[in-house]
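Work through the exercises below with the sequence and the model side by side. Try each task before reading its solution.

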Amino acid sequence: MTDQNQRQQVNAAGLSRADYRGAPSTLCQGCGHNGIASQIVAACYELDIVPEQVVKFSGIGCSSKSPTYFLSRSFGFNGLHGRMPSLALGALFADTSLKGIGVSGDGDTASIGMGQFKHLVRRNLPMVYLVENNGVYGLTKGQFSATAERGLELKRQGINPFLPVDICLEALVANATFVARSFAGDPKQLKELLKAAFSHNGIAVLDIISPCVTFHNKENTLHSYTYGKEHEEPLHEIAYVPARDDITVEDFEEGSSREVTLHDGSIIVLKKLNQDYDPTNKAAAYALLEESHRNQELITGLIYVDPAVPSMFDAYHLPETALNRLPEKDLRPTRQSLEEINQSLI
Amino acid sequence: MSEETIVAGNPIEQKRCPIVNDFCMTVSTVNGSGSATANNLLLRSLFRMGIPVSGKNIFPSNIQGLPTWYTIRVSRKGYIGRVAKDDIVVAMNPATIAKEAPFISPGGVMFYADDLRISDLREDIIAYPMPVKKLVKEADVAPSMRDYIANMVYVGVLAQMIGIPLDVVYQTLEFQFKGKKKAIDSNWSVVKAAADWAAANLEKRDPFRVEPMNGTEGYIMADGNMAGALGALYGGLQFAGWYPITPATSLAETFTDYVPLLRTDPETGRQTCAVVQAEDELAAIGMVVGAGWAGLRAMTSTSGPGLSLMAEYLGLAYYAEVPVVVWDVQRVGPSTGLPTRTAQCDYTFAYFISHGDTQYIILIPGSVNECFEFGWRALDTAEHFQTPVLVMSDLDLGMNQWMTPAFQYPDQPMDRGKILWEDDLEKLLAERNGDWGRYLDIDGDGIPYRTVAGNRHPRSAYFTRGTGHDEYGRYNEEGDVWEQGMNRLAKKINGSRELLPKPVLKKRDGAKIGIISAGSTDPAIIEACDLLEADGIPVDYLRLRALPVCQQVLDFIKDHDCVYVVEMNRDGQLQQILSLETPEHATRLKKVAHMDGFPLTAQWISSEIKAQEAK
């Protein structure tokens, strides 16, 4: 019986949930980012990913502090404001078997980081890119971010006169191959989307509305818990089925679900709710985002996916051994080759 | 004989006795006219005759249409620094024809395209017309190619008139066009026709000629950007992130040229070096910091404006102890400055780049050959000390063709520094009762041990951050922990002083004064020291090759009454850095700094030092 219990407490990698934990959070109580960290832990545990197989990256801001609050056994690098994408790109070339996860915020991605974000997306670097989006600068105590909606009033800032940047739309325009939106208050959906994102062979952008309980949690604003709970319009009920499972999807009735097979053979099952939405149709994705803006709705779910696009690594013919493990003999050209070069310069 | 008498007498008569392998010629053309091929052809032909030669391209920030000059100096004594006066000018550009004559030394020569209108030509120079249009028209060349091939006329005329054997020109042409028959033939037809025309129509009235000699044995012709990139590839470079900028672009483009040859498995086609053109310098440095952090030998190359953009990431790499190499091919700044002119004006910025207390290891190559050496050595140094290494080249060194000793294969195995893989970490943990931290100074040299992403040992991971951290990499805001960490970093960098490339010292008997310099000023200083000695002022010369300096440099300053610090900038930046290193002797350091975008000349250096000595 004891054996049985212990076995139940570990995943297929032989690890317990505790092996995926991070340091205690120093963010505010009730911060949406903490809930996201918990779901990253849950997703990695359920996917049986060994923590040493994951590398975490972040920029600067409240969101960017959060990688310390999950996966303590993973390497991590907290880089510069808005410049996590370049850091992750260089690092992931070292060992392409590693799974990268970048945690950014709306301040980090939608302002200084917009250029690097879009270029990372354009290159389709295989990694999970989270934007913990709360529409406000928390660490500097409450200024508008570029995703704050027009008309939002903040204590010392007055009223925001500008239209917001939509992270999902920006990702789509940059030819992202996986675009999803979720809500920190919807842990079940978030976890399934995270699992799908980890299995995607390319850039997986997740825009997660994550309320700031301290500086921006007014009942009637887009980035608040109450608004999110009331206005969240999930596209589908979403379930992720790992590639190794031979279980077919029994929960979903024929005719009301849609499957998307990811690169590694795993499947995302999208159960139809009130609309028949095809996440492989980019034109439909643009239309959906436009419509949700008009209706002031918080559309969540898998907005767009194309599992077939080659990743950045496909453009480089890298050795099978991780680049960072190559010994000197594989890295230093021969003495003879230098003699030939010298000859060619006379 | 003084200059006075040359000018007063008939200089043409004065120079009748042959001047062999010791003169300077400048070709004046229009940017984008294809003159680079012709100029390189002349330069390499002279080099292949065994004559010490140097070539300098003075070009505008423009693709087509503005004036450009190419200066070739031949020197049997082996001097390869710039000289400011020309003995021969080849005038091909109507826009600048009036401006060329003042640069010609008395008794000098002008070859000019005969369709150019020249008026009031000085009486003390010899002028030869060249029927450029006529010869090109007669040549068997497609009309669209005529402008490009026109420059081959002066190659042929010059070869005939100064004595470059035509078979040498032909072989060099074959070499330059890598055996491409059509290109070789069409260029050759013009060279040959021009040489024949000159033989039949021009009477040699000037003294300048070349003769084969044995002065280039063991040398190659190459530029510093190519050399730096090749050196890095022999140093096992694994990741290069870069963004185009003059004058650094050709460095990164050399990777693209040579990775297929040097770092690609011929059977599988797999490449052990990834090159990524970034969206800007902010991203280029971010990529290489990420790569260096994850255990790849990583570098980027840029120039002043790009270096400014890289400042913040370099500060993070310094504090988080990430090995990374940055090549700064310097140009004239501040701001956009003179983008196509040379300078050494980034020293102080590079040495202390980024906010807070920082200090970097700087390597300064003084020749193309040394660019190759520092290409690989910089990667070793960065990983050894787990810190950014900046290599300071400049436009003159980086983009011009130089004769330089053949590249030498690295004479030591790669130094990967204190990197721990799974077994290494296991062993260290066993030895130390499980006590290991990313920033723990186990050996007392300030250099901690590091693991990198991909290490599967459960104790290997740590979280790297630019925020305050303790010896175990944990977030920390305590003042004493911060100060201890920063002091260890200072200790680490100080510990590099005696391990970096040592200065090169050239002593002379009886010298009481010294020169300190670094980088591409070297050839001009070597020549200036000869000029000074001939004037009865022997000078010891120390060429710095790295910062922070070693004891030998401090001793050199202490042991001389006066030390002239020669550099290409306004403020005397090396002098400033040296003053900080040795405040007690700072008053002995005298500034010999000049910044007009041109390489220094021996004449300027020696006269400046003489003037200061006379005070």
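**Exercise 1: a loop residue**

Leaving aside neighbours within four places in sequence, Thr601(B) is in contact with Gly81(B), Arg82(B), Val83(B), Ala84(B) and Ala524(B). Contact means C-beta atoms, placed from the backbone, within 7 Å. The model is predicted: local features need pLDDT of at least 70, side-chain atom pairs count only at pLDDT 80 or more, and totals for chains, interfaces and linings use all residues. Residues are numbered from 1 along each chain as its sequence is written, while chains are lettered from A and ligands numbered from 1 in the order in which they are written.

Task: Place Thr601(B) in its chain and state why it counts as partly exposed.

Solution. 
- Step 1. Thr601(B) is found in the loop between strand S24 (589–593) and helix H22 (602–614) of chain B. Helices (H or I, at least four residues) and strands (E, at least two) are DSSP runs, numbered from the N terminus.
- Step 2. Thr601(B) counts as partly exposed because it has 18 C-beta neighbours inside 10 Å. The scale: buried is 20 or more other C-beta atoms within 10 Å, exposed is 12 or fewer, partly exposed is in between.
- Step 3. Glu527(B) is 74 residues away from Thr601(B) along the chain, yet their C-alpha atoms are separated by 8.7 Å.

**Exercise 2: a strand and its partners**

Task: Is strand S10 of chain A mostly covered or open, and which strands pair with it?

Solution. 
- Step 1. S10(A) spans residues 203–209 and is mostly covered, with 7 of its 7 residues buried.
- Step 2. Check both faces. Ile203(A), Val205(A), Asp207(A) and Ile209(A) are buried on one side; Ala204(A), Leu206(A) and Ile208(A) are buried on the other.
- Step 3. Strand S4(A) (residues 127–133) pairs with S10(A) in the parallel sense over 7 bridges. Pairing needs at least two DSSP bridges between the strands. Opposite Ile209(A) stands Asn133(A).
- Step 4. Strand S9(A) (residues 178–183) is also a parallel partner of S10(A), over 5 bridges. Here Phe183(A) has Ile209(A) as its bridge partner.

**Exercise 3: the interface**

Task: How many residues does each chain give to the contact, and which element of chain B gives the most?

Solution. 
- Step 1. Chain B gives 52 residues and chain A gives 45.
- Step 2. Elements of chain B that give two or more residues include H10, helix H13 (304–320) and strand S18 (463–465).
- Step 3. H12(B) gives the most, with 9 residues.
- Step 4. By class, the chain B side has 34 nonpolar, 12 polar and 6 charged residues. Nonpolar covers Ala, Val, Leu, Ile, Met, Phe, Trp, Tyr, Cys and Pro; charged covers Asp, Glu, Lys and Arg; the others, Gly among them, are polar.

How values were computed: Contact = placed C-beta atoms within 7 Å.
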